[in-house]
Amino acid sequence: MTEGTTSAAQGGDTLTRLEQEGEIAADYLEGLLDIADLDGDIDMDVEGDRAAVSIISDASSRDLQKLVGRDGEVLEALQELTRLAVHRETGDRSRLMLDIGGFRAKRRAELSELGAKAASEARSTGEPVRMQPMTPFERKVVHDAVAAAGLRSESEGEEPQRFVVVLPA
């Protein structure tokens, strides 16, 4: 087997594994929605090197808002529970991302803009810019936005007070 064929096979195996993670997560979340008597459809995808599962609904967004919670706290907890359900079935650690009612997608756009502004400030002042504490998801989005702007960033502090510092060029 040539090296290119091996890589393609490994890529196919990874895609299959991530699709399996998404299906396990979807089954778990459908059961959760049934128990909570909430309406929602499950959408599965693979984004980069992660399975991505979204709960969407045509009904009142207030129902799904219960699953997001204040500042996404309930969403974070549900994501961890879903990852544990996937781990229980597969034996492998999951990096699955869960979105509910578009909360993460909207938050990702806001954080990308915030990261770009912080990068611009660090570039113009020549001083590091310290940001507010963020969740791991939020920090990752900001780090990506800063890198896209051509600067570096680091995370400092201890959870739950861990934050991003944008470094000047």
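**Charges and core**

Colleague: Where does Asp 37 lie?

Modeller: In this predicted model, Asp 37 lies in the loop between α1 and β1.

Colleague: Is Asp 37 buried or exposed there?

Modeller: Asp 37 counts as exposed, because its relative accessible area is 70% and the cut-off for that word is over 50%.

Colleague: And which residues gather with it in the patch of negative charge?

Modeller: The patch sits on the surface and, alongside Asp 37, includes Glu 19, Glu 23, Asp 39 and Asp 58, among others. The elements that give two or more residues to it are α1 (3-36) and β1 (41-47), and the largest share, 5 residues, comes from α1.

Colleague: Switching to the inside, how many residues has the largest nonpolar core?

Modeller: That core has 17 residues, and Val 53, Ile 55 and Leu 67 are among those with the most contacts inside it. At least two residues each come from α1, β2 (50-56), α2 (61-68), α3 (73-90) and β3 (97-100), with α1 giving the most, 4 residues.

Colleague: Okay, salt bridges: how many does a search of the whole structure find?

Modeller: The search finds 13 of them. In one, Lys 140 pairs with Asp 144, with the closest N and O atoms 2.8 Å apart, and both residues lie in helix α5 (residues 136-148), 4 residues apart, which is about one turn of the helix.

Colleague: Which residues are joined into one network?

Modeller: Arg 70, Asp 71 and Glu 73 are, through salt bridges that share partners. Within that group, the side chains of Asp 71 and Arg 70 meet at 3.9 Å, N to O, while Asp 71 is exposed at 60% relative accessible area and Arg 70 is exposed at 59%.

How values were computed. Residues are numbered from 1 along each chain as its sequence is written. This is a predicted model: local features need pLDDT of at least 70, side-chain atom pairs count only at pLDDT 80 or more; totals for chains, interfaces and linings use all residues. Side-chain values use heavy atoms; hydrogens and water are left out. Patches are made of residues with over 30% relative accessible area and no salt bridge: like charges are joined within 9 Å, nonpolar side chains (Val, Leu, Ile, Met, Phe, Trp, Tyr) within 5 Å. Accessible areas come from the Shrake-Rupley method with a 1.4 Å probe; for residues, only the protein chains shown count as cover. A salt bridge is a side-chain nitrogen of Lys or Arg within 4 Å of a carboxyl oxygen of Asp or Glu. Lys and Arg count as positive and Asp and Glu as negative; His and the chain ends are not counted. The place of a charge is taken as NZ of Lys, CZ of Arg, CG of Asp or CD of Glu. Buried means under 20% relative accessible area, exposed over 50%, partly exposed in between (1.4 Å probe, protein chains only). A nonpolar core is a set of buried Ala, Val, Leu, Ile, Met, Phe, Trp, Tyr and Cys residues joined through side-chain atoms within 4.5 Å.
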